[in-house]
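Hi,

Here is the structure I promised to pass on. My notes on the helix packing, the pockets and the confidence follow below it.

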Amino acid sequence: MNDWYAKKGFADLLDDAAQRWRHREALYHEGRRYTFEQLKYQVDEVAKGLLTLGVASGDKVALWMPNRPEWIFAFLALAKIGAITVPLNTRLRTVDLEYVVRQSDASLLISVDRSGPVDFLSIIKEAIPEIETWTVADFECGKFPELQRVVLLGDEVPKGAHNWDDVLGAGEATGDAELVRRSADADPDGTTLMLYTSGTTGFPKGVMHTHCLQRNVVDIANRQGYRADDVILMNWPLFHVVGLYLGPLLTIACGTRCVLTTTFDPKESLELIEKERVTRIWGFDTQLAALCNHPNLERTDLSSLRTGLGAVGMVSSCLLYTSPS
């Protein structure tokens, strides 16, 4: 009996999206816009760079950066070459970072030098002091025997780390044939994502997900009536399952448009709803309450909104109106 949804890797899902919705906008973030074709191009460039860096199939790669297009490029690129993404909570500090990088056996850490008030690089230097004294050629870290490389995006890159732009530049030497081969070898039943639990009742544990998690995304979209012309405002962190599933993954599975924010800010969210004609929003109860109670709410054009869904607890009884259209 045929399965209701054929198994495929994320590479196939992205390639299909780029073929079906080539010139349709897929992603918006802080003035940067990407069509599905451009998204695929960016992912392929990152994938070739990672291949040149020596990332092997099955390697665990810790991804520690706030919401931005490069997060999505890296995640999909790693899936395309058969590696495993380990998304890290951006609120981790030195001890927690050390625990997850060590416990996951990550061989590569991809991060940024800083974002807003958070100095990611200073935390990395505290956890991995060798990054300032060793070069990329002889990098070795005593605390993390499996960690072989660090890639940083930003202006300040110590000599023991690879510069993101340099990695992408080096990837130009990797031919498309090698990328196609590695992509074809990616097993849909293989692990592509290791999401860590909060560790509220013990140490955080890495929960393994396969490429088949896209079935859950498609099922959610079908049950909730998503349409190809939907525009999703995603202000949840991509390291969280909801942010990842219902932001970029739903976009490439269903052809929607993802409006991504770096963090949640109610004023920015209201402005984006009006400017980008957002049709669907997500939020925790406190986020929805902040939107509903913001002084700009009454003068914001919300006519594009069709529905919203919130993780509502005891803090707020805020309800969102759902239009009949």
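Helices (H or I, at least four residues) and strands (E, at least two) are DSSP runs, numbered from the N terminus.

Two housekeeping points. Keep in mind that this is a predicted model, where local features need pLDDT of at least 70, side-chain atom pairs count only at pLDDT 80 or more, and totals for chains, interfaces and linings use all residues. Residues are numbered from 1 along each chain as its sequence is written, and side-chain values use heavy atoms, with hydrogens and water left out.

**Confidence**

The average pLDDT (the predictor's confidence in each residue, from 0 to 100) is 92 for the protein, and 95% of the residues score at least 70. Residues 315-325 fall below 50, and this stretch has 19 contacts (heavy atoms within 4.5 Å) in the model beyond near neighbours in sequence. Where pLDDT is low, the predicted coordinates should not be read in detail.

**Helix packing**

Helix α1 (residues 10-20) packs on helix α3 (residues 69-80) at about 120°, their axes 8 Å apart; α1 and α3 are therefore oblique to each other. On the α1 side, Phe10, Ala11, Leu14 and Asp15 meet Phe75, Leu76, Ala79 and Lys80 of α3. That contact has 6 nonpolar, no polar and 2 charged residues. For the classes, Ala, Val, Leu, Ile, Met, Phe, Trp, Tyr, Cys and Pro count as nonpolar, Asp, Glu, Lys and Arg as charged, and the others, Gly among them, as polar.

How are α2 and α7 oriented to each other? The angle between helix α2 (residues 36-53) and helix α7 (residues 176-185) is about 90°, with the axes 10 Å apart, so the two are roughly perpendicular. Here Asp44, Ala47, Lys48 and Leu51 from α2 meet Asp176, Glu178, Leu179 and Arg182 from α7, a contact of 3 nonpolar, no polar and 5 charged residues.

**Pockets and cavity**

The search ran on a 1 Å grid over the protein atoms alone: a cavity is a set of points where a 1.4 Å probe fits but cannot get out, a pocket is an open set with protein on both sides within 12 Å along at least five of seven lines, and lining residues have an atom within 4 Å of a point. Grid points are joined across faces, edges and corners, and a volume is the space filled by probe spheres set on the points.

The largest pocket comes out at about 540 Å³. It is lined by 24 residues, with Thr90, Arg91, Pro237, Thr262 and Thr263 closest to its centre. The lining splits into 12 nonpolar, 10 polar and 2 charged.

The second largest pocket has about 440 Å³. Its lining has 18 residues, and Asn89, Tyr196, Thr197, Ser198 and Pro204 are the closest to the centre. Helix α4 gives the most to this lining, with 4 residues.

Among the residues lining the largest cavity are Ala26, Leu39, Ile72 and Cys258; α9 gives the most, with 3 residues. By class, the cavity lining has 7 nonpolar, 1 polar and no charged residues.

Cheers

Conventions: Axes are lines fitted to C-alpha atoms, for helices over the stretch in contact, and angles run from 0 to 180 degrees between N-to-C directions. Angles under 35 degrees count as roughly parallel, over 145 as roughly antiparallel, 65 to 115 as roughly perpendicular and the rest as oblique.
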